[in-house]
Amino acid sequence: MTRAVVVGATGQIGRAAVDTLARDGWEVTAVSRGGDRDARWPGDVRVARADREDDAALSAAVGEGCDVLVDVVAYGDGHARQLLSLAGRVGSAVVISSVSVYEDDQGRGFDTQTEPGGFPRYPVPVTEAQRTIRPGDASYSARKAALERELLAAGDRLPVTLLRAGAVHGPYCGTPRELYVVKRNLDGRHRRVLAYSGASRFHPASVRNIAELIRLAAARPGTRVLNAVDPDAPTVAEIAAAIDAVMGVETEDVLLDGPPVDGVGDTPWSVPSPVVCDMSAAREQLGYRPVVRYADTLPETVAFIEERLAGRDWREAYPKMFAAYGDLFDYAAEDAWAERR
């Protein structure tokens, strides 16, 4: 039996990673700030309490050593140096990054998307060879790029697999894009306005598929960067229809040819050009095969969101979602727009 330490174990990716590794025969230590245990984990999973920012606590969780350290909450060069300080006791690492590090050939990336004409236009699909943004500490994406740079430069000291995740989905997500459709359906909104003709594609990534990539990379140490997305990249209209089917409702889609109008038609997936990633490298280097498709995961995701929303204001239930996207449910503005049509 080999030992794995999972940092960020009670987050959405961490929970799935712990479960997958434990069921694959690894001796797993699940590290989180609260030291909590998921009831669905195998009983032999060990738990440890440690704040990600506490070097001594993280070092203690690793103990005398582990074969693989899985870090799902690392950002920036500081966290990279923290991981590298453990190199003598860690055989290899698997670290979650993001597709938001990619930059198009005109120098546009996720950090420029709010500027006029600033949304990137990536190749379809994007491979790992696509250029990335300048590392820094001014944004989520820049910090992920800095994390990657530091770890890849020290690959001879600590072999690391960096997984560039897409639009992560699954239970325990603090910012579930599916909330947009689920809440509208619960509120009886049977007409849905979608910008960009409902054709936007932002490649989803199931926590279960990410966990499978972690399992394979843990067993094949090396220094590499791999995309981490689902086998399919449905359009926002297809996603919404699939959620409708799970919830047993019918909704009329009103399609806008262009961008949202005063916020009407915007969704968490709405992008003017597709963000679709290639998974060939993972297949070639790890023998990866996806374990689920997007639609397969929706019943569990919808049920989790419904349970969390029950009897609560959505902004209380999902404060990070409100902070990231603002008021997604301005029905008054939507109704006023419909009257003007």
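Biologist: Which residues touch the most other members of the largest nonpolar core?

Modeller: This is a predicted model. In it, the largest nonpolar core has 75 residues, and Leu 21, Ile 210, Ile 214 and Ile 243 touch the most other members. Helix H6, residues 207–219, supplies the largest share of this core, with 8 residues.

Biologist: What makes a set of residues a nonpolar core?

Modeller: Two tests. The residues must be buried and of a nonpolar kind such as Leu or Ile, and they must be joined through side-chain atoms within 4.5 Å. In general, nonpolar side chains of soluble globular proteins tend to be buried together.

Biologist: What does Leu 21 contact, leaving aside its neighbours within four places in sequence?

Modeller: Its contacts are Ala 4, Val 6, Trp 26, Val 28, Val 70, Ile 214, Arg 215 and Ala 218. There is also a second, separate core. That one has 26 residues, among them Val 31, Ala 48, Leu 58 and Leu 83.

Biologist: What makes H3 roughly parallel to H4?

Modeller: The axes of H3 (residues 76–84) and H4 cross at roughly 30° and come within 7 Å. The cut-off for roughly parallel is under 35 degrees, so H3 counts as roughly parallel to H4. H3 passes H4 in a right-handed crossing.

Biologist: How many nonpolar, polar and charged residues are in the contact of H3 with H4?

Modeller: There are 6 nonpolar, 2 polar and 5 charged. Those on the H3 side include Asp 77, Arg 81 and Leu 83. Those on the H4 side include Arg 143, Ala 146 and Glu 150.

Biologist: Asp 230 next. How do you know whether Asp 230 is buried or exposed?

Modeller: Its relative accessible area is 1%. Buried means under 20%, so Asp 230 is buried. Asp 230 sits in the loop between strand E10 (224–228) and H7. Beyond four places in sequence, the residues that Asp 230 touches include His 169, His 203, Asn 209 and Tyr 294.

Biologist: What about Asp 262: buried or exposed?

Modeller: The value is 71% relative accessibility. Exposed means over 50%, so Asp 262 counts as exposed. Asp 262 lies in the loop between strand E11 (252–255) and helix H8 (280–286). Phi of Asp 262 is near 50°, a positive value in a residue other than glycine.

Biologist: What is phi of Tyr 196?

Modeller: Phi of Tyr 196 is near 55°, which is positive, and the residue is not glycine. Tyr 196 is in the loop between strand E8 (191–194) and strand E9 (204–206).

Biologist: What kind of peptide bond joins Val 124 and Pro 125?

Modeller: A cis one, with omega about 0°. Pro 125 lies in the loop between strand E5 (90–98) and helix H4 (140–153).

Notes: Residues numbered from 1 in each chain as written. Predicted model: local features only at pLDDT ≥ 70, side-chain atom pairs only at ≥ 80, totals over all residues. Heavy atoms only, no water. Buried < 20%, exposed > 50% of the residue type's maximum accessible area, 1.4 Å probe, protein only. Helix = DSSP H or I, 4+ residues; strand = E, 2+ residues; numbered from the N terminus. Contact = heavy atoms within 4.5 Å. Axes fitted to C-alpha atoms, helices over the stretch in contact; angles between N-to-C directions. Parallel < 35°, antiparallel > 145°, perpendicular 65-115°, else oblique. Left-handed = near helix turned anticlockwise from the far one by under 90°. Nonpolar A, V, L, I, M, F, W, Y, C, P; charged D, E, K, R; others polar.
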